[in-house]
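These are my notebook entries on a structure that I have not examined before. I record what I looked up, entry by entry.

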Amino acid sequence: MVGLTKPTPILLSLALAALSLATAGCQGKRPVGGEVQAEVNGRAITNTELEKFYQQQVQEESQKPTGEQETTLRLNVLQGLIEREILLQQAEKLGLLATDAEVINRFTELKSPFTEEEFTKQLQTRGLTTDQLKDQIRREESVKKLLNKEISSRISITDAEIKKFYEDNRAIFNVPEMRYQLAQILVTPEPNGPVRNLKSDKAHNETEARQKIEMLSQRIKNGEDFAQLAQSYSEDPNSAQNGGELGFVEASALDKSDPQLKQAVLLMQPGQVSKIIKSRMGYHILKVIAKQPGGQRQLTDPAVQQSIRSDLLGRKEQLLKAAYFDELRNQAKVTNYLSMKILEAAGKK
């Protein structure tokens, strides 16, 4: 839907953590630029690990970085691996490593939208084995447990803080006009369009597009979850992996969309799903999640309170996590051999 989409992150985070970081350090100085690219308290991060994660970062980019851009990205990726290792070691120190049951639960959650064949293909695309993915999940879940115990669980938001935020920011709760919280499933006949749904599923012509959207419409009528179908099959690259959600769209913005899309939204009630709609982009199925009338939203509105609470919680978490990591970083012994190599190379010029 033109003008209605917003960027969203990739949901299936198969490439969020470093793979199989070594658990034993080596004594003495490492050769600069050698196989070991960094050490954290004696634990090595190898070039193989760095390259794996680097490739995962750039695989979605249409234009690969080169020259200084490539080197900068590698440094950033390595810094991320160093930070994760520092947090993982702290989780290990506090006895917060993820259990086998927690790893299996998360693994099952990631795998559930796929058939066995599709899941295997997803792993192969990302250069992962099942064991590597489980190792990665253990690291991610361990860090989550650490940050929840040390940061999130200790944060509280008082009613007084919520009231003050509302009074200081009344203007942002004044909605100028009716707006609609929407989600969509989009299928296009364009054979070369970008695809970021979980099943990497794409229609390549008009016939395939029509058959696909009719199949999805029938599955929705049969009671299947709209968001799950959007994640698995929608061809909107900006919303598919967020369950098709487009966020809140103001009534005036609907004027920029296809007339049939606008008409469908105006006639629907929250929770309703549209019939198949044909536009210049392809085929749509829309869902109205909520409607929000114009005017000043009051503090007594539970949605306003929840919005403020979430915002304040996010701000406090961001601040405390940054301070917490800085403290851990100060206590850690980190050697970044890649940085040393770059500086030495510059000095030789």
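**Entry 1: the chain as a whole**

What percentage of the 349 residues of the protein chain count as buried? I find that 40% of them do, where buried means under 20% relative accessible area, exposed means over 50%, and partly exposed lies in between (1.4 Å probe, protein chains only).

I note that this is a predicted model, in which local features need pLDDT of at least 70 and side-chain atom pairs count only at pLDDT 80 or more, while totals for chains, interfaces and linings use all residues. Residues are numbered from 1 along each chain as its sequence is written, and side-chain values use heavy atoms, with hydrogens and water left out.

I looked up the secondary structure and found 12 helices and nine strands in the protein chain. Helices (H or I, at least four residues) and strands (E, at least two) are DSSP runs, numbered from the N terminus. I then turned to contacts, meaning heavy atoms within 4.5 Å. Among contacts in the protein chain with a separation of 6 or more, 73% join residues 24 or more positions apart.

**Entry 2: the open sheet**

In which order do the three strands of the open sheet stand? I read the order as E2-E1-E9, with antiparallel pairing; two strands pair if DSSP finds at least two bridges between them. Strand E2 (43–46) and strand E9 (334–336) are at the edges with a single partner strand each, so one side of each has no neighbour in the sheet. On average, neighbouring strands of this sheet are turned by 20 degrees against each other, direction ignored.

I followed strand E1 (residues 36–40), which pairs with E9 over three bridges in the antiparallel sense. Opposite Ala38 I find Asn336 in E9. Helix H1 (residues 47–58) lies across E1 and E2 and runs at about 50 degrees to E2. For such angles, axes are lines fitted to C-alpha atoms, for helices over the stretch in contact, and the angles run from 0 to 180 degrees between N-to-C directions.

**Entry 3: aromatic rings**

I count three aromatic pairs in the structure. Rings of Phe, Tyr and Trp (its six-membered ring) pair if their centres lie within 6.5 Å; planes under 30 degrees apart count as stacked, over 60 as edge-to-face and the rest as tilted. Why is the pair of Phe107 and Phe119 edge-to-face? The ring planes of Phe107 and Phe119 stand at 90 degrees, with the centres 5.6 Å apart, so the pair is edge-to-face. This pair links distant parts of the chain, since Phe107 is in helix H3 (residues 100–111) and Phe119 in helix H4 (residues 116–125), 12 residues apart. Phe107 and Phe119 are both buried, and together with Phe114 they form one aromatic cluster.

I also looked for charges over rings, a case that requires NZ of Lys or CZ of Arg within 6 Å of the ring centre and within 35 degrees of the ring normal. Lys134 lies over the face of Phe107, at 4.9 Å from the ring centre. Arg74 lies over the face of Tyr54, at 3.9 Å from the ring centre.

**Entry 4: helix H8**

How many of the eight residues of helix H8 (residues 226–233) are buried? I find six, which leaves the helix mostly covered. They are Phe226, Leu229, Ala230, Gln231, Ser232 and Tyr233. These buried residues pack against strand E4 (179–187), helix H7 (206–221) and strand E7 (283–292). At the start of H8, a side-chain oxygen of Asp225 comes to within 3.3 Å of the backbone nitrogen of Ala227.

**Entry 5: single residues**

I placed Ser217 in helix H7 and found it buried, with a relative accessible area of 9%. Leaving aside residues up to four places away in sequence, Ser217 touches Ile276 and Ile285.

Glu161 is in helix H6 (residues 159–168) and is partly exposed, at 28% relative accessible area. From Glu161 to Ile308 I read 147 residues in sequence and 9.1 Å in space, C-alpha to C-alpha.

Last, I checked phi. Most residues other than glycine have a negative phi. Asn41, in the loop between E1 and E2, has a positive phi of about 50 degrees. Ser200, in the loop between E4 and H7, has a positive phi near 50 degrees.

Note on methods: Polar contact = N/O pair within 3.5 Å; in protein donor to acceptor, adjacent residues only side chain to side chain.
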